[in-house]
Amino acid sequence: QVQVVESGGGLVQPGGSLRLSCGASGSIISMYSMGWYRQAPGKQRELVATITTDGHINYSDYVKGRFTISRGNAKNTVILQMNSLEQEDTAVYYCHAHAQRFGSATPSDYWGQGTQVTVSS
């Protein structure tokens, strides 16, 4: 099995910063990409940012220039640095891993349980 665990959410004022961390563990043969998605109340889950193992990065237009995704120091970890936060960034943020586990011929998608980010004055 593969486990994905996020941390770092919370309450912040508009213009503030937060840092989210995520780690994937378990019976992983190969990690292809990791990233962050978010879901606000009444809305669909949407892409925030992803990073592949060879370093290719993709950002949503809504966060480009304000958020930075990077690989953590430990294997299979990813960091999301969020600056200049806006009320519209309020959502549950989910970490995603696209990985192949032992016993499986193809990679699959794995999700964390989510961490709440609230931007409010």
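Visitor: Where is Asn 76 found?
Guide: In this predicted model, Asn 76 lies in the loop between E7 and E8.

Visitor: And is Asn 76 buried or exposed?
Guide: Asn 76 has a relative accessible area of 18%, and because buried means under 20%, Asn 76 counts as buried.

Visitor: What is Asn 76 in contact with, leaving aside its neighbours within four places in sequence?
Guide: With those neighbours set aside, the contacts of Asn 76 are Cys 22, Gly 23, Ala 24, Ile 28, Met 31 and Met 34. Ala 24, for its part, belongs to E3 and stands opposite Val 4.

Visitor: Switching topic: how many residues are in the largest nonpolar core, and which have the most contacts inside it?
Guide: That core has 31 residues, and those with the most contacts inside it are Trp 36, Leu 80, Met 82 and Tyr 93. Among the elements that give two or more residues to this core are E1, E3, E8 and strand E9 (91-101), with E9 giving the most, at 5 residues.

Visitor: What does Leu 80 touch, then?
Guide: Leaving aside its neighbours within four places in sequence, Leu 80 is in contact with several residues, including Leu 18, Arg 19 and Leu 20, as well as Trp 36, Phe 67 and Tyr 93.

Notes
Residues are numbered from 1 along each chain as its sequence is written. This is a predicted model: local features need pLDDT of at least 70, side-chain atom pairs count only at pLDDT 80 or more; totals for chains, interfaces and linings use all residues. Side-chain values use heavy atoms; hydrogens and water are left out. Two strands pair if DSSP finds at least two bridges between them. Helices (H or I, at least four residues) and strands (E, at least two) are DSSP runs, numbered from the N terminus. A nonpolar core is a set of buried Ala, Val, Leu, Ile, Met, Phe, Trp, Tyr and Cys residues joined through side-chain atoms within 4.5 Å. Buried means under 20% relative accessible area, exposed over 50%, partly exposed in between (1.4 Å probe, protein chains only). Contact means heavy atoms within 4.5 Å.
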